[in-house]
Amino acid sequence: MFGIRKKKTVDIKYDPDKEQPVIKTSICTGEKVAGFMDKTSKKFRDVMLIRSSDELESFCEACGIKQENLKNIV
C-alpha cells in the first residue's frame, strides 16, 4: 500500500520548429536540468531536474526523442 509507487507518464509538448530539447549542466555543482531552448532567442525553459539516468529516460520518452538527439549546454 505505502511501499509501491507507480511511474507517472506525462507527455511534454513542445514545438520542434521553434524549440530544441537540451540538458543544461551547472559548472559548479554538476546539477542537470532538462528543458527546451528557443532556437531564435536562445532562452532556456526548464522542465525537470535530472538526478538519475531513469529520469533522463523518462524525459526522453515524454518528449518522444532519443538521448543521442539531446544537446548539452553549460
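Mentor: Let us begin with strand 2 and strand 3, which run antiparallel and are joined by six bridges; strands count as paired if DSSP finds at least two bridges between them. This is a predicted model, in which local features need pLDDT of at least 70 and side-chain atom pairs count only at pLDDT 80 or more, whereas totals for chains, interfaces and linings use all residues. Residues are numbered from 1 along each chain as its sequence is written, and side-chain values use heavy atoms, with hydrogens and water left out.

Within the pairing, valine 33 stands opposite leucine 49 of strand 3. The hairpin has five residues between the two strands, and in this hairpin lysine 42 takes a positive phi near 60 degrees. Although arginine 51 and valine 33 are 18 residues apart in sequence, their C-alpha atoms are 8.6 Å apart in space.

The helix that follows rests on these strands. The buried residues of helix 1, which spans residues 53-63, are Glu55, Leu56, Phe59, Cys60, Ala62 and Cys63. Seen down the helix axis, they fall within an arc of 165 degrees and so line one face of helix 1, the arc being that of the directions from the axis to the C-beta atoms. An α-helix has 3.6 residues a turn, so residues three or four places apart point the same way. The buried residues of helix 1 pack against strand 1 (19-25), strand 2 (32-38) and strand 3 (44-50), where contact means heavy atoms within 4.5 Å. Just after helix 1, glycine 64 takes a positive phi of about 80 degrees.

Strand 1 also contains glutamate 19, a buried residue with a relative accessible area of 15%. Its side chain makes a polar contact of 3.0 Å with that of arginine 45; such a contact is a pair of N or O atoms within 3.5 Å, and within protein one must be able to donate a hydrogen and the other to accept it, while residues adjacent in sequence count only if both atoms are side-chain atoms. Leaving aside neighbours within four places in sequence, the residues in contact with glutamate 19 include Tyr14, Phe36 and Met37 as well as Arg45.

Along the sequence, the chain follows the pattern β-β-β-α-β, with one helix and four strands, taken as DSSP runs numbered from the N terminus (helices H or I, at least four residues; strands E, at least two).

How values were computed. Buried means under 20% relative accessible area, exposed over 50%, partly exposed in between (1.4 Å probe, protein chains only).
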